[in-house]
Amino acid sequence: MTSTSRVVHSDPDILGGTPVFVGTRVPIKTLLDYLEAGDSLDKFSDHFSSVSRDQAISALELAKEMLQQLYSF
């Protein structure tokens with residue numbers, strides 16, 4: 001399982017507590033917005049070089065794990 005603390009950080013002093021990638025001010029939602037718009041992970045990485053590809057993939061894996069836990073019976 002992916003450790004949330006290695007990927008996501010939320011602090012009221014950083015963007016009002018919006019979940020961001022650890023070590024950045026890039027909201028996790030930005031990655032999801034890019035993917036939703038049909039953009040590639042590479043395009044996101046090009047635009048937000050402070051987020052490593054591994055961090056982006058880990059965030060997606062974390063979201064997948066959370067959804068699986070939420071909907072598993």
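Is L15 buried, partly exposed or exposed? L15 is partly exposed, because its relative accessible area is 38%; buried means under 20%, exposed over 50%, and partly exposed in between, with a 1.4 Å probe and protein chains only. Select L15 and display its backbone: phi is near 50 degrees, a positive value in a residue other than glycine. L15 belongs to the loop between strand 1 (8–9) and strand 2 (20–21). Helices (H or I, at least four residues) and strands (E, at least two) are DSSP runs numbered from the N terminus.

**Basis and confidence**

This is a predicted model, in which local features need pLDDT of at least 70, side-chain atom pairs count only at pLDDT 80 or more, and totals for chains, interfaces and linings use all residues. Residues are numbered from 1 along each chain as its sequence is written, and side-chain values use heavy atoms, with hydrogens and water left out.

Colour the model by pLDDT, the predictor's confidence in each residue from 0 to 100. The protein averages 92, and 92% of the residues score at least 70. Among the elements, helix 1 (residues 4–7) has the lowest mean pLDDT, 78, while helix 2 has the highest, 98.

**The nonpolar core**

Next, select V7, F21, V26, I28, L31, Y34, L41, F44, V51, A56 and A59, the 11 residues of the largest nonpolar core. Helix 2, helix 3 (41–47) and helix 4 are the elements that give two or more residues to this core. Helix 2 gives the most, with 3 residues. A nonpolar core is a set of buried Ala, Val, Leu, Ile, Met, Phe, Trp, Tyr and Cys residues joined through side-chain atoms within 4.5 Å. In soluble globular proteins, nonpolar side chains tend to be buried together.

Centre the view on A59. Not counting residues up to four places away in sequence, A59 touches V7, F21, I28 and L31; contact means heavy atoms within 4.5 Å.

**Helix 2**

Move to T30, found in helix 2 (residues 28–36). T30 counts as buried because its relative accessibility is 17%. Leaving aside neighbours within four places in sequence, T30 is in contact with F44 and F48.

D33 is partly exposed at 31%, and K29 is exposed at 52%.

**Further salt bridges**

How many salt bridges does a search of the whole structure find? The search finds 3. Select D42 and R53, whose closest N and O atoms are 2.8 Å apart in a salt bridge. This pair links distant parts of the chain, with D42 in helix 3 and R53 in helix 4, 11 residues apart. D42 is partly exposed, with a relative accessible area of 45%, and R53 is likewise partly exposed at 42%.

Then select K43 and D39, whose side chains meet in a salt bridge at 3.4 Å, N to O. K43 counts as partly exposed at 35% relative accessibility, as does D39 at 23%.

Definitions and conventions: Salt bridge = Lys/Arg side-chain N within 4 Å of Asp/Glu carboxyl O.
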